[in-house]
Amino acid sequence: MDIQFDGQQTDERILYVIVPHHFAKYIALIRLVLLALFFFFILQLIASVVPSLAGPLKVTSVILSGLLLIIGFWWNETVFSKSKTYITDRRIIRFEVMTPFFTTKRALFWNEALKAKGYTSNVFWKMLNIGKVRIEPQLAEGEDVLVHDVFMFDDVANYIDKILFTFKNKPAEVSQIKPFIPKPRGHRDV
């Protein structure tokens with residue numbers, strides 16, 4: 001892969017890049033539109049109940065809802081385009097946007113990792129094969145790496161377990177691990 005990331009070590013091979021699934025972005029945008037509509041209708045309702053404030057409240061409802069939509073669409077685009085997790089032959093490293101000016105970076109080297117778990121929060125996400133992957137460290141409680149909105153979350157967790165097994169039991173073979181291909185089993189030939 002010709003992909004590089006901030007802090008990448010010399011000769012560190014990227015095996016897979018996890019980006020939030022686009023469906024999660026659409027759900028976030030739908031929530032945003034519903035929130036803007038909620039504020040719009042609440043302010044319109046207040047304007048109809050209090051006639052002396054009707055004019056300013058109606059204008060405020062339009063401006064507030066419009067600003068919420070503009071800022072919300074920009075924020076979702078920023079979060080979903082810049083949040084990435086890299087699985088390499090040495091570690092897993094997650095970049096997550098926290099504010100418009102600050103991105104957190106969390107890395108866990110394979111010699112520090114214990115296991116990987118893939119799970120989902122409900123049946124709807126399970127049907128879409130979208131879930132979370134948690135990589136737990138050996139010693140430090142609360143220092144795990146949690147990746148949200150992962151497509152084929154079970155397969156990614158199993159792939160990370162394969163890397164961990166190879167790293168701990170056959171370290172010489174780590175360089176031979178093939179990159180993960182997000183396709184159904186049997187269709188992953190490179």
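I93 stands opposite A107 in β4. The model is a predicted one.

Strand β3 covers residues 91-99. Its pairing with β4 is antiparallel and runs over 8 bridges. Both strands belong to an open sheet of 4 strands. The order is β1-β2-β3-β4, and the pairing is antiparallel. The edges are held by β1 (14-18) and β4 (102-109). Each of these has a single partner strand, so one side of each is left without a neighbour in the sheet. On average, neighbouring strands are turned by 15° against each other, direction ignored.

Helix α2 packs on this sheet. The helix spans residues 54-82 and touches β2 (84-88) and β3. Its direction makes about 170° with that of β3.

**A residue in β2**

T85 lies in strand β2. Is T85 buried or exposed? The relative accessibility of T85 is 3%, so T85 counts as buried, the cut-off being under 20%. Which residues does T85 contact, leaving aside neighbours within four places in sequence? They are Y16, V17, I18, I92, I93, R94 and V147.

**The chain as a whole**

The chain has 4 helices and 7 strands. From the N terminus on, the elements run β-α-α-β-β-β-β-α-β-β-α. How does the radius of gyration of the chain stand against the globule rule, and what follows? The chain has a radius of gyration of 22 Å, well over the 16 Å that the rule gives for 190 residues, so the chain is more spread out than a compact globule. The box filled by the C-alpha atoms, taken along the principal axes, is roughly 75 × 35 × 35 Å.

| Chain property | Value |
|---|---|
| Residues that count as buried | 36% of the 190 residues |
| Share of contacts (separation of 6 or more) from residues 24 or more positions apart | 55% |
| Accessible surface | about 11600 Å² |
| Part of the accessible surface belonging to carbon and sulfur atoms | 63% |

T85 is buried, and 36% of the residues of the chain count as buried.

How values were computed
Residues are numbered from 1 along each chain as its sequence is written. This is a predicted model: local features need pLDDT of at least 70, side-chain atom pairs count only at pLDDT 80 or more; totals for chains, interfaces and linings use all residues. Side-chain values use heavy atoms; hydrogens and water are left out. Two strands pair if DSSP finds at least two bridges between them. Helices (H or I, at least four residues) and strands (E, at least two) are DSSP runs, numbered from the N terminus. Axes are lines fitted to C-alpha atoms, for helices over the stretch in contact, and angles run from 0 to 180 degrees between N-to-C directions. Contact means heavy atoms within 4.5 Å. The radius of gyration is taken over C-alpha atoms; the globule rule is 2.2 Å times the number of residues to the power 0.38. Buried means under 20% relative accessible area, exposed over 50%, partly exposed in between (1.4 Å probe, protein chains only). Accessible areas come from the Shrake-Rupley method with a 1.4 Å probe; for residues, only the protein chains shown count as cover.
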